[in-house]
There are 2 protein chains.
Amino acid sequence: MATLADVARRAGVSPATASRIISGSTKLVTDELRERVLRAVDELQYVPNAHAQFLARAQRTAVGVIVHDVSDPYFAEITRGLQQVATANGRLVIICNSYRDPSRELEYVELLRAQQVAAIILAGSGYHDPAFTKALTGKLGAYTRTGGRVSVIGRHELPGDAVMPANADGGHLAGVEVFGGGHRKVGVIAGPKVLTTTTDRLAGLRRAAKQYGRTLPPRRIVFADFDRDSGAAATRQLLDDSPDLTAIVALNDSMAVGTLSVLRERGIAVPSQMSVVGFDDMPIARDVTPSLTTVRLPLTEMGARAMTLALEDRARTPRVEPAAATLVHRESSAPLAT
Amino acid sequence: MATLADVARRAGVSPATASRIISGSTKLVTDELRERVLRAVDELQYVPNAHAQFLARAQRTAVGVIVHDVSDPYFAEITRGLQQVATANGRLVIICNSYRDPSRELEYVELLRAQQVAAIILAGSGYHDPAFTKALTGKLGAYTRTGGRVSVIGRHELPGDAVMPANADGGHLAGVEVFGGGHRKVGVIAGPKVLTTTTDRLAGLRRAAKQYGRTLPPRRIVFADFDRDSGAAATRQLLDDSPDLTAIVALNDSMAVGTLSVLRERGIAVPSQMSVVGFDDMPIARDVTPSLTTVRLPLTEMGARAMTLALEDRARTPRVEPAAATLVHRESSAPLAT
DNA sequence: ATCCTCCAGGAAAACGCTTTCCTCTGGTGA
DNA sequence: TCACCAGAGGAAAGCGTTTTCCTGGAGGAT
């Protein structure tokens, strides 16, 4: 690998001059030397060593992002928003997949800190796990104390700026859609119990139930893993346990898609025999048949805003930006036929 | 930010000793000092500066990946495979989205080279653009000459190891499905003209047509952008121009989904009035209605193999690993009703 | 008691760059 | 002609690690 010294030698100048020409310092250099250096760069196919540059400049430019899994559409959309803003600001983004493993999440914070990133963005649900939350808070605290910026999407208990999706409101909207439509026996396919996202959405759903004088008995709630296949499995269990359901709310769209496939497989008509409501409004939602009624979150925008917060000047006090949920009514849900 | 020197000072040892303890050198150190150093690390929340470590060790550990767009399911699947193998080998992966912009692709190669990555993996189609291909070959050549590894997924003209999806064979399979089913008027929704993937798939399709004594007249081929909405637009154009079509082949699943939505919107029954065949077998394919007949590529496996090639010892001669295409027959296609 | 060996720990160089500070040249004004 | 100044270019000091090489002291053998 050619180094700056090689370039300087070949051009017959000092490393200092070569550096100034290559990385565009303000210092004046004669055209002749500039010419010679650039020719040497070209001939040697020289690329400056980013690590050495970093060390010499002590200027943080990269940004770290920790998500559960980029290939999950939910996070893919968020990441798209993050990337947009980051590249618009000339920042390199390092993406880390935690696969919902708290310990891996801690490791990645460490790794990003080692990489000296200017900001760390955590996207995705929080965990109901005080020990972990404390450990994470500690690590992030150490990071912010040394000038690092932290911004989170959707977890309340962490320091730093936050973009908060209205999970509870969204759950409420889903609840209004079914209970308000007259449904009484409503099944719920929830996400992992340990995630705050699950709890919040469920809480909103409960509020709606209460509002309409209904309840959500535990046997009509099945916890799954926020992915299609576990959603399908949960649907089978729900149908077997409570054959009299007339509506199912899945707490994300992936699982709702699984639900639809099981209903099709069992010949249960949607929405005439069973209403289905999802959550997130992922791109697939409009392409399944029947198209999915769902609660929409502005995922891309949430990503963009989280990155903006992270790159802006630090505020005196942590900022919390809400992201509103809205109901997108499509074909998979209808009022209870009387 | 605490440095190694801070830790050493606090523990009352030399930086050398502290370094040995922290990064686990083979050199022996007494338990007492080890104890003191580790305590200091803990108190100062010290994390080694990865850039400085890199510089001192001159050991490349990260791997760079350039894809068109991670949030596109096609690349999401590939990336999943890449990540699996990378993390299994303790490698950090840097993901770059080129958004199908050749110049951005060149920039990213430069950036990854600057980051001193151990390998660069290019996933995605090649371009019919000799100037660009030459520039890219030049940059990659310079990189490999200095010990870097390159592995590509699906582009033939570049140096380095390659995983080659059987795009032409896949096109042929799609062709056999429709022409073999007796269809004569077949519309094609192709990807961007400049991509080799498009050309290859189209070539396979043509071969099948010829084999069954049919042709693929230009007016029945519309070029779109490999995404859902442009696929939908292309479908409308196709239907307007050639109302007598009985089958449509879309060269990827995203566009096929767009096709299905337009057919639904126009009340054209699938497959009784129109057969639809996609390409890639993305997860959505089985969840749309009717479920999509498509050509399957082992995307995750392709990613895993590309990463494996990149991390293995360099072979004397570039290796090319084929990835076979298979037809997945579902509900969206049927022989022509006579 | 003397010499040697062995080993824990430290000094210092190296990694590749940036940047401050200094030197030297040539030009200007008196 | 001399002093001075401006400006171009270079020397060298970092940046935070790792690692080689060296030092000094303890222990063992003679």
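The surface near DNA strand D, where a residue counts as near if its C-beta atom, placed from the backbone, lies within 6 Å of the strand, divides into 18 nonpolar, 9 polar and 2 charged residues; here Ala, Val, Leu, Ile, Met, Phe, Trp, Tyr, Cys and Pro count as nonpolar, Asp, Glu, Lys and Arg as charged, and the others, Gly among them, as polar. This is a predicted model, in which local features need pLDDT of at least 70 and side-chain atom pairs count only at pLDDT 80 or more, while totals for chains, interfaces and linings use all residues. Residues are numbered from 1 along each chain as its sequence is written, and chains are lettered from A, with ligands numbered from 1, in the order in which they are written.

Of the 29 residues around DNA strand D, those that come nearest are A:L28, B:L4, B:A16, B:S19 and B:A56. Around DNA strand C there are likewise 29 residues, of which A:T3, A:L4, A:A16, A:S19 and A:A56 come nearest.

Turning to the protein chains, 33 residues of chain B are in contact with 33 residues of chain A, contact being defined by C-beta atoms, placed from the backbone, that lie within 7 Å. By class, the side of chain B that touches chain A has 16 nonpolar, 12 polar and 5 charged residues.

Methods: Two residues are in contact if their C-beta atoms, placed from the backbone, lie within 7 Å.
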